[in-house]
Amino acid sequence: TTTVTVNPAQLGFTAVAKNKLDVVSVPTGYKVQVINRTGDPIAAGVPAYKNDGTDANFAQRIGDHGDALYWYGLAAAGTARDDNSSTRGLIVQNHENITQQYLHPAGATSVGGVRPEAEALKEMECHGVSVTEVTEGANRAWTVVQNSSLNRRITPATPMRFNGPARGSDLLKTPFSTAGTDGRGTINNCANGTTPWATNLTCEENWAGYFRRSGDNALRAAKEVTALSRYGVTSSSGSYGWSTVVPADGTNTLFRRWDARATAGGSATTDYRNEPNQFGWVVETDPYSPTSTPRKRTALGRLGHEGAWPGLFVAGRKPAWYMGDDSRREYLYKFVSATNWVAADATAADRLAIGDKYLDTGTLHVARFNADGTGIWVPLVFGQNGITAAAAAYPFADQADVLVNARLAADVVGATPMDRPEWTAVNPANGHVYLTLTNNNAAGRPLNGTDAANPRHYNDPFGPTNSAQFGNPNGHIIRLREIDDSTEATSFTWDIYLFGAGADLDAANVNVSGLTADQDFSSPDGLWFSRPTNASGLVKPLLWIQTDDGAYTDVTNCMMLAAMPGTVGDGGARTITNTGTGGATATQATRVGAAPTAATLKRFLVGPLDCEITGVDSTPDGRTLFVGIQHPGDGGTFAAPSGHWPDSQATGTAGASVRPRSAVAVITKDDGGVVAL
Ligand code: FEO
Ligand code: CA
Ligand code: CA
Ligand code: CA
């Protein structure tokens, strides 16, 4: 029997205590299952994962570091989409990164500075996106269908096409695509987004570090050097050294492409100088069509894209997607489509063609937060607001240049630098937009460098030696309400919904939201509003908050909280006294939402050792919750990992050499009801 509570006044579970256990801890009355572990086979005939470093063929296995995920429903049989199904569906999950040492028999190796081809290929294929068919069987047991025809891996080698204004730009021309129209693969996929026409948006975040690039400044135009530096494409090796591989077939450009150095006498179509411009995009995929070619949507700009969450879709109004750019002092962006929403497009057969309609033409904006609780969206359009060929820091050539180098355009228009913009989420009940600002340090947010939207500077001592940690190490969650509640709005109001803090920290100036021991958290990152309806009608949307914590891991593993937030402006003005080194102080005025109560904010889950909690969705009926457990146990060595989840889930422990794996935790309520209500 299903217990369905409609519009409850409070969260219906007992808070989980902070802890350092090697399990996923959930409230009494809930059960944890595990699916989609790193290496699990997702094609017919692929052997079970041995998890000893000898397994190969990750193009047919679950990738590493599972991140954002989303459920796409399937009919009871066949491959048809069914938005109402809560027992059979596809899980689309990003695979952001790798824990390199656990992928090989004896950790990563190199010979004379050259990486072995098989190791590098495995590491590459561990990145990207997975699509898996999952079903609920008897006794609420969830399983993955290994041989489903819909299962898919998208990797850094998967062919893709560029769409939108930058398609065909000189900036996208490479030896792979001399026309600048096609690309290969996606990497460092972090948060996500979705569309009402049932496609998935995967977002390329920390792609810059994968490229070897330093030392070629003299061979590049000055503006290229400026742009590469602004995006952090400056490494002298590239993450994992993939470009060092000497492939057996002598021609495999999949490795060589990670060396983005311009060559003497070379060009964009003979060397890989433009390869970094292939990444940093929002990529649309059709999960129901495993042979479809993903499309990089250049109209949404090139950033360190965390996610791309849509606002509400209203017939006759232009839809919008909200996007964080995750680095310290980066910005919040909004893409507003040029096309008014037509509800019938939600069920069109050619889903990527609908994507072309809404995501290839429109206007990218960046946010400027004012001290009085208002803000504006500044359009990033060539020829406007100083974004011209005469811009002193970076002379723009055209709109493609603006989109490829969106950070530089945002600099020109005076966007507000934020404390690391992570996920965005939109309240389905009212359209209010939430943004996690995970943290900042004293260099990025000094005592006299605060502003109303990033108002704190304090010390939260951390670690065994209690070393000083000034800045905003615990982060906060800001929220916006568009003027006229319209996705097309050019201005908004805002306040700070929650400040991360330990409950023991200064209530006046650090624990500003008054968090208790059942609520305290640090470094908010993942953010998602629950699906709003079930068979009984409207269920009050819950806001789920996930952490990727540096400042609190001396006390607890990362966690997930459930919240019932109010509305933008439900609190008021407040002045914080900040403290810097040597006892120096400075005041900062800000806007703070109504404080949470025990009924409206509680810790629902604590993850296993050393993990990050990232990625969450549920079945449409809200009775099954899927939660991404990323890089558990990633300390220690390949021979003695610091944790052993998920093997440790049942008893709290596992053999000392058992390698941990990222995976999806499936959480159900024993009474069959809606999770958390
Ligand atoms: Fe991949 Fe901003 O976290
Ligand atoms: Ca993240
Ligand atoms: Ca601390
Ligand atoms: Ca993060």
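A: Helices (H or I, at least four residues) and strands (E, at least two) are DSSP runs, numbered from the N terminus. This is a predicted model, where local features need pLDDT of at least 70, side-chain atom pairs count only at pLDDT 80 or more, and totals for chains, interfaces and linings use all residues. Residues are numbered from 1 along each chain as its sequence is written.

Q: Great. Which residue of strand 32 does M560 stand opposite?
A: M560 faces L605 there. Strand 29 and strand 32 (residues 601–606) pair in the antiparallel sense, with five bridges between them.

Q: And what does strand 28 do with strand 29?
A: Strand 28 (residues 543–547) pairs with strand 29 too, over four bridges in the antiparallel sense. One of the pairs across is I545 with L561, its bridge partner in strand 29.

Q: Is strand 29 buried or exposed?
A: Five of the five residues of strand 29 (residues 559–563) are buried, so the strand is largely enclosed by the rest of the structure. Buried means that 20 or more other C-beta atoms lie within 10 Å of a residue's own; exposed means 12 or fewer, partly exposed is in between, and C-beta atoms are placed from the backbone.

Q: Which way do the residues of strand 29 point?
A: M559, L561 and A563 point one way, M560 and A562 the other, and all are buried. In a regular strand the side chains alternate between the two faces of the sheet.

Q: Switching to helices: which residues of helix 4 are buried?
A: In helix 4 (residues 351–359) they are R351, L352, I354, G355, Y358 and L359. They cover an arc of only 150° around the axis, which puts them on the same side of helix 4. That arc is taken from the directions from the helix axis to the C-beta atoms.

Q: What do they pack against?
A: The buried residues of helix 4 pack against strand 11 (282–285), strand 12 (295–297) and strand 15 (332–337).

Q: Last one: what does P41 touch?
A: Leaving aside neighbours within four places in sequence, P41 is in contact with V46, P47, A48, Y49, Q60, R61 and Q146. Contact here means that two residues' C-beta atoms, placed from the backbone, lie within 7 Å. P41 is in the loop between strand 1 (30–35) and strand 2 (66–73). P41 and G63 are 22 residues apart in sequence and 9.9 Å apart in space, C-alpha to C-alpha.

Definitions and conventions
Chains are lettered from A and ligands numbered from 1 in the order in which they are written. Two strands pair if DSSP finds at least two bridges between them.
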